[in-house]
Each structure stands twice: as structure tokens, then as C-alpha cells.
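This briefing is for a reader meeting the structure for the first time. Please look at the sequence and the model below before reading the points that follow.

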Amino acid sequence: MSQKLEAVLSKEPRRGLQYGVTIIILLILLASSAPVLSGAHITSKGFEIGWNILSGIFTPDTSLLFGLGDSGVAYLILQTIAIAFLGTLVGAIIAVPLSFISATNIVPKPVVIVTRVIIMAIRTVPSLVYGLMFIRVTGPGPFAGVMTLAIVSIGMISKLFIETIEDLDSGILESLDAFGSTLFQKIRYGILPQLGSDFISILVYRFDMNLREATILGLVGAGGIGAPMIFALNAYHWHQVGAILIGLFILVFVVEILSDKLRQKILHG
Amino acid sequence: MSWYDKLFEAESFTLENGKQVSQKFTRVPLIIFLLLVGIVVSVWVTGFSVVTLFTNFVGFWKILASMFPPKLPYFMQVWRPLLMTIQMSFFGSFFGALVALPFAILAASNITNNRLINLVVRFILTVVRTIPTLVSALIATYIFGLGTFAGTVAIFLFSFSFVGKQLFEYMETVDMGAFEALTATGANTSRAFVTTILPQVLPTYLSTALFAFEGNVRYAAILGYVGAGGIGMILNEKIGWREFQSVGMILLSIFIAVVIIETVSQQLRKYLS
């Protein structure tokens, strides 16, 4: 019995060399990246600020946290949600045609390569750069945020849409053809049911991500909960920072749970 | 949704064999109504206007056009911050993924059989995850001073929470049979974990860490905006000075770097799965 076990054990491939090489490569990369640590100069003032932020979270500015006016956390949250919602929608409107002309089962290969490079290029530009560009178009404010998120979303939405489109079962379309269905009927009964739930689930997921993204757009003046937070941080108003961070936490947490539930329901009924 | 089905009656059909079947009233009107309400409220709150968009969109193209052709010689000043950005992401992702492992073990209910510890660790992971990376970078610059270290800390926090969450969720789905068999033969928990659970989760763990690294390179590019080092610093500076050809060169360099890193990492991830 034990001989049999040993025989099996000796057949196990030796991974020692492979692991060793991987670890050495990692260590070399790590050592070569060490210069990034040089920037640290921790002072006692830094710790004081860290402590102030922590205490600010536990003693938030309640008039800001529960305020219902234009500068209250509730309104800021509503604005952030609105930016993310519209941004996702506009992004989807642009992404749908773009993904159809990037799917290998619909258009020829050269077209696919061109459109995919375009999508990749759109995706690389950081969101804050788009934010700064759109401010020239729409003026500072949440509108610029909507357009920024729309463009930033295109990359991921179309990437996932393309996968769904390429998974389309063409057999269904052929059988609809055999019935003598019209083009409209083919789209309504052959394509929409196949794509619908996946598309919606992708959009819900992207909405969740856009919400996080929307919280930082305030940095460049594109609206949302980010701007007042940056102002409060720069002015060392820790209680206000605390109130906004609590609002942010609740917002992201609740939306994440809801979007998970919704996607489960959409995908699995 | 039961109130909706009560409000609108289900349509019923009688089949040939006399059986009654019913089809619920379509949900489409309700979904469209909710969507419209959402759109109207959002348009009102954000001041979205299609007219402004079409009349002023020229401005967007103008900026985009002024980036071409990118100022190629400027690359001599770009490569160093770009390398810095990649190093920041690598360092942050590596340690984030490393620290995430013990936390994931503590958060997984099938390995750490203590409801309180599970919940506390999960709560920590969630809290860290909700803070936007840019905000944690800004706070880090207050604490650690301006520079790449603050950015590395922000990336570390993000990778830690992201990998931690993915890993503990995956760990809860692994096959526990081998683990139980080993503990039954007298192996202690850590030994049993290393020989049975770890090999099962290792590919997913590594590919999640690589995925986080890919995303971080792109994300690290904007951390400079709050003074947390890397290529974002010069990007911000050049946009401020309206030297759009240099901006174009910076964006081109980021694009090429991201393409290379994503290709390599995707190959590695394919190999892992």
C-alpha cells in the first residue's frame, strides 16, 4: 500500500524549479520598484492628521450629514447617483452600436481590429482627463460628470457586450427564418431575448462602478460628492470630511448590495 | 411584485386538453415607467442638455485635435514618471495581494469557524473598498507627505480589499473533503490548509492579483492629480499649461504601456486557468 502511494507521489511533477524562478523574478521586480518608497517622510504632524480624520468620522458634522439643502449629504448623494445613472445610460447608447460593429460574427476581421483599437484607446485615457475636457464643453458641474462617465463606461460595456453578442446562438435565427419571420420578428423574438438580460446585468454592474467613479469627479469640478469632500479636506474641516465619508460609505455599500441582488434576479430569474 | 400582479390581471388560456394556464401581465410598462422617472430626475439634478452638447461638442474635438500629432521628443521626460507609475502599481498590488491572503482566510467561514471574526474582517474589507482610491491617496499624502509612497499606499489599500474580497468568496466554494481528511489523520489546521486548500485557490488568487495589477497601472496614472506621484503629476501640469501635444504624448505612452502589460498579464492568466 505504502509503496503504491510512494509511486503515485513520485509521479507528481516537480514544481520546485518553476516556483523558484517565479519567486526570483518577483523579488527582482520588487527590488527594482523599491525607489517608490523613498517619497515617505512621516512626521508627527502626519499622524496628528490621520488621528483627526479618524476622530472626524466618529464625530461627524451632523448638520451636514442630515441636512436636506443643496449642500447636505442627502442631496450630494442624489446628485452622485443621478450622474452615475445618466452616465451609464448615455455610455450604453454609444456602446451598443460600437459593440455590434466589433463582434467577429457580424463584421469582417479587419473592421473588428480597427474598432477594438479605438475602444482600447478610449479606455486608456484617465477619467479625470475626460473630465477636464468636458468641462470646456458643458461648463463645470454635474453635466460634465455625466459625459465623462459615459465615455469612460464605453470601454468596459462594449467589451462585455461584444462577448455576449459573439455568444449569440445563430440556430434560433435560422429556425425563425425557416418559419418565414420578418426581420422585425427575428430581432424581437430571436435576438432581444438572448441579449436582453445579459445587457441589463452588465449595465447594472457598470452603474455600480460608475457610482464609485462619480465620487471622485468632483476633483476636477465635474459635480458629485467629491468636490465638497476635497474642499473639506483641504480646509482641514475633519468633521465635515467624516460626515461625507459616512455618506459615501452608506451609498456605495447599499448600491453594491442592491445591484448584486438585482443581477442575481436578472440572470437567474 | 405581488401587488403589481394583483393590480393587473394575469391572462389565462385554455389548452386543447382543457387545462388552464395563465401568463402574468407584462412587466415592461412598469420598467419603462421607473426608467423614465429615473431619467427625468437625473436630467433635472445634473442639468443634462442635449442641445448644449451638440452646440458645444466642437470644444471637445478641438482639444482632442490639438493633441495630434503627439510631441514625440517629450518621451524623454515621460518615461521616468511612467516607470514610477508602473513600479507603484507593482509594489502596491504585490503587498496588497500578500496581505489579503491572511485576511481572506479569516473572512472565509469554512476555514475560520468563528462568526464574529468573519464579520469583523469582512466589514474591514468592505470599509476599505468603499473609499475611492483617489481619496485614500489624498489622505495618504497628508499623512506620508507628497510623493510616490502615498500613491503606493493607496494602491496597496485598493488591491488588498479587492483581492481579499474575491479570494474569500472563492475560498468558500472550494472542496473541503481533502482538508477534512487531513485533519482527521492528525494534521494541524495550517498544515492541512497549505496542502489542500491553497493549491485549489492559488490559480484564482494569482490571476485576481494580476487583474488588480492591470487595473492599477491604469488607475495609478491619475493618482498624481492629488500629488501622489507618478505620471499623473506631469499630466496634470501639462493640462494646466495647455501643452496638449505633450498631453497627447503622455496619453500615448500610457496607452502603449497598458497594452503591453495587459497582453502579458492576460497570457499569464490564461496559463493559470
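Chain B has a radius of gyration of 26 Å, whereas a compact globule of 273 residues would come near 19 Å. The model is a predicted one. Along the principal axes, the C-alpha atoms of chain B occupy a box of roughly 80 × 65 × 35 Å.

- Chain B is split into domain 1 (2-48) and domain 2 (72-272).
- The centres of domain 1 and domain 2 of chain B, taken over C-alpha atoms, are 42 Å apart.
- Of the 273 residues in chain B, 41% are buried.
- Taking contacts in chain B between residues at least 6 apart in sequence, 69% link residues at least 24 apart.

**Secondary structure of chain B**
- Chain B contains 11 helices and 2 strands.
- Along the sequence, the pattern of chain B reads α-β-β-α-α-α-α-α-α-α-α-α-α.

**The hairpin of chain B**
- Strand S1 (residues 11-14) and strand S2 (residues 20-23) of chain B run antiparallel and are joined by 4 bridges.
- B:Ser12 has B:Ser22 in S2(B) as its bridge partner.
- Between the strands S1(B) and S2(B) of this hairpin lie 5 residues, and B:Gly18 takes a positive phi near 85°.

**Contact between chain B and chain A**
- Chain B and chain A each bring 49 residues to the contact.
- Helix H6 (residues 133-144) of chain B supplies the largest share of the side of chain B that touches chain A, with 7 residues.
- That side of chain B consists of 33 nonpolar, 15 polar and 1 charged residues.

Methods: Residues numbered from 1 in each chain as written. Chains lettered and ligands numbered in written order. Predicted model: local features only at pLDDT ≥ 70, side-chain atom pairs only at ≥ 80, totals over all residues. Contact = placed C-beta atoms within 7 Å. Nonpolar A, V, L, I, M, F, W, Y, C, P; charged D, E, K, R; others polar. Pairing = 2+ DSSP bridges. Domains from an automatic or database assignment. Rg over C-alpha atoms; globule rule 2.2 N^0.38 Å. Buried ≥ 20, exposed ≤ 12 C-beta atoms within 10 Å, placed from the backbone.
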